[in-house]
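Have the structure open beside you as you read.

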Amino acid sequence: MRRLSILVATATLVALQVLAQPGGAPSAGPALTPVTWERLVNAEDEPENWLMYSGTLDSQRFSRLDQVDRTNVGDLELKWAYQIPQLDRSETVPIVVDGVMFITEAPSNVVAVDAATGRQFWRYNHPLPDDLRICCGRNNRGVAILGETLYMSTLDAKLAAIDARSGNLLWASEAADYRSGYSKTSAPLIVKDQVVTGIAGGEYGIRGFLDSYDPENGERNWRTYTIPGPDHPDSQTWAGDSWRTGGSPTWLTGSYDPDLDLIYWGTGNPGPDWNGDVRMGDNLYSDSALALRGDGGGMEWYFQFTPHDVHDWDAIQIPILADLEFEGEERKVMMWANRNAFFYVFDRETGEFLLGKPFAKMTWAEPELDSNGRPIRIPNMEPTAQGVLVSPPVGGGTNWFSPAYSPQTELFYVQAFDGEAIYFKRDEEYVEGDQFTGGGQQYNLPMDEYQSSIRAIDPKTGDIAWDYWIQPRSTAGIMTTAGDLVFSGTIDGYFFALDAETGEELWHMNVGRRVHSAPMSYAVNGQQYVTIAAGNVVYTFGLRD
Amino acid sequence: MRMRSLCALAAPAFLIASLLAVAPATTHAQESENPYTTRLDVRMGQRLYQQQCGRCHGQDGGGGELGPALDEGFRNASTDAGLFRIVREGIPNSQMIGISRNATDQSVWMVVSFLNSLNNTVDVDLPGNASNGRQLFTGKGNCSGCHMVSGDGGRRGPELTAIGSRRDPDELRASLTDPSEDVPPRWWTVRVTREDGSVVEGLRMNEDTFSLRIMDENEALWSFLKGSVQSHERIKTSIMPSATDTLTASEVDDLIAYLFSLKREDI
């Protein structure tokens, strides 16, 4: 097993010039240099790279590149396209390190390409069994990097370590048995000398957890269950043995504050999703934000957004960290636009609830949260056998699509959906490895009757600063930049840029297929690029030469 | 809005569990014809469908977040055996995965029966005369001015070649007598006012955040960038008049009988 010490070899040793693919001129780079923890902590200081899923550890998805700005964004043109050789819907956010881009593909593959040309260096195809248990598509959202090793989740519930120079598999650690309904789809998060990674399977009656692995050998450092066992007092929030099959997965990437040494991570729905009769109680820590200590994974605090959820409103969103003046006081805050249609602001050091307001159509609770941020439910909004109409629908006021925050505009940008659905409940027995959902939903009206918007929220008030209407809807993530731009896409294949201050549309491009991923930006040889995956193609744009 | 009835099924959960676990699944069915087609089989298939398939394809098969509608024919199968194979194995290289490996062949056939029930209306005796209805369709009713059947007719209404497989007589009557009650977005009208004040109006063929495309009354196609027009307005009523405006009650019965006779298997 290679040692991490190798990874801190001198720049001379690692400055291996890599030639572009045949047919293209050799580029000035790229030269892949080791990505140390210090580089990850200070990722904002090298905006030419996009070093992790959300760009930086605070997950602001704010690119400090400003070559493309409000005055010239209309001059963006396609620079290259990479065709993913799988007919699927890409959810990947590539990372870029020193001119090399790493793109994950369905089902659990990764490819390295020249970030200036899109031409391939290598690919790794992860072998998978043919009896996977996956609820919602053969998704993979991206990799993490530490040193010269990539870390990727796989659908058979493994964490794979892949050599970033060659694409060779170094090791693969099994997090759980996929045959029981466990899978892994999200990009891991590097926290110091650990690979922190979540688990999917909330529709299969799993017991969720968050894991930390040793990046050198794949041995597990710690596991924090998102459902406490019977020896813990919070286990009383689960009736009987329902905690054993209570879901609460962790299927997206979290954030980290190195000063506080706290990992922030969201948890998903309790299981079965729509029938809460068999799991009476609040069902801690489902649908929650968890603050875990970087050393050991112990829980510092938690906040449950939707106690006893019966609508499948996972708290699987990206926590955005920022330091803000809040009511006259400098606060270290965490901002969270939740699937339950409320926007929240917390003191991320203590977990204190600071603010909560609806940001999308919502009929299930009073618009005012109580003083602790707990929702005040409106009666008779639980699913029934006959069906009950509720907003938001299962897809939520928002979902897992990355929001963004600009320290320049001090606005939080989120993909919002003003929809509704009829929720049904049914009896269902748990069978290991089978879906365990207890109901479902059906839209009440054609999709064209509903509305999506990108909403810019002032985190100090929860007020909506502007609203950009999208027809028919969007399930794309968002990036904002130092050029005061907001980039996102639509379900019917547009990629577009808005003025981050006003929401005015400045540029759009028909990329042909659903944008179901989030944009990112990087630079090579002084040129800023903006990349988005749409359908099963990765498109990269730059200013006209 | 037309909603398929999602009748609450009384079958106890242990039946489903037994269907999933009694016998080992085989990759391919031994039968080429579906042996499980009774009404109970359909109901059991519906229950399993809602558990395993409804999240993507909608609880009523009308389509959902991730999967297409299954009540308007099938894209990838033309036989029961083909449907069985897709339900069992999924569609390679796509998001469509197969049903649980624990599912028995029997339960997969039941899902096939349920899917077929979404696409086949039950034959019933109707009061009208289909032959008369056909003449009304092209004659007095002037339906063919807007609707195409087997390649003949207009373009300003839904194509009806297999409408009898998709709509039952009650649904057909509702559409004929009260056409504006439930208009799908494809058949809304959009009125576009251009920068010079001129107006173009037509059926809404497609619309997105930045643009829209319509067909006007002369069946001409128009495409507009929303940013290049003064305004655009949705009109959610149907351009189709009620059949009762021009036809007698018995003629409406005849027309229903004709439309209901237009089946997929006759294509």
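Axes here are lines fitted to C-alpha atoms, for helices over the stretch in contact, and angles run from 0 to 180 degrees between N-to-C directions. Helices (H or I, at least four residues) and strands (E, at least two) are DSSP runs, numbered from the N terminus. This is a predicted model, in which local features need pLDDT of at least 70 and side-chain atom pairs count only at pLDDT 80 or more, while totals for chains, interfaces and linings use all residues. Residues are numbered from 1 along each chain as its sequence is written, and chains are lettered from A and ligands numbered from 1 in the order in which they are written.

**Helix packing in chain B**

Let us begin with helix α6 (residues 130–138) of chain B, which packs against α9(B) at an angle of about 100°, the axes being 7 Å apart. The two helices α6(B) and α9(B) are therefore roughly perpendicular, the word used for angles of 65 to 115 degrees; under 35 counts as roughly parallel, over 145 as roughly antiparallel, and the rest as oblique. On the α6(B) side the contact involves A130(B), N132(B), G133(B), R134(B), L136(B) and F137(B), and on the α9(B) side E251(B), D254(B), L255(B), A257(B), Y258(B) and L259(B). Two residues are in contact if their C-beta atoms, placed from the backbone, lie within 7 Å.

Helix α9 (residues 249–260) of chain B also meets helix α8 (residues 169–177) of chain B, with axes that come within 10 Å and cross at roughly 125°. That angle makes α8(B) oblique to α9(B).

Which residues of helix α4 (residues 80–89) of chain B are buried? They are D80(B), L83(B), F84(B), R85(B), V87(B) and R88(B). Buried means that 20 or more other C-beta atoms lie within 10 Å of the residue's own; 12 or fewer is exposed, and in between is partly exposed, with C-beta atoms placed from the backbone. Part of the cover over the buried residues of α4(B) comes from α5 (105–119) of chain B. Just past α4(B), G90(B) has a positive phi of about 80°.

For chain B as a whole, there are nine helices and seven strands, and 31% of its 267 residues count as buried.

**Sheets and a hairpin in chain A**

Strands pair if DSSP finds at least two bridges between them. One open sheet of chain A has four antiparallel strands in the order β24-β25-β28-β29. At its edges stand β24 (404–406) and β29 (464–470) of chain A, each with a single partner strand, so one side of each has no neighbour in the sheet. The twist from one strand to the next averages 25°. A further open sheet of four antiparallel strands runs in the order β11-β12-β13-β14 (chain A), with β11 (189–191) and β14 (220–225) of chain A as its edge strands.

| Strand pair | Bridges | Residue and partner |
|---|---|---|
| β24(A) and β25(A) | three bridges | A404(A) and Y413(A) |
| β34(A) and β35(A) | five bridges | M520(A) and T531(A) |

The last pair, β34(A) and β35(A), forms a hairpin with two residues between the strands, and N525(A) in the turn has a positive phi of about 50°. In strand β34 (residues 520–524) of chain A, five of its five residues are buried. M520(A), Y522(A) and V524(A) point one way from β34(A), while S521(A) and A523(A) point the other way.

**Nonpolar cores**

A nonpolar core is a set of buried Ala, Val, Leu, Ile, Met, Phe, Trp, Tyr and Cys residues joined through C-beta atoms within 7 Å. The largest has 161 residues, of which V143(A), A144(A) and I145(A) touch the most other members. Strand β25 (residues 411–418) of chain A gives this core the most, with six residues. Beyond four places in sequence, the contacts of V143(A) include I95(A), F102(A), V110(A) and A187(A). A second, separate core has 19 residues, among them M44(B), L70(B), I99(B) and V111(B).
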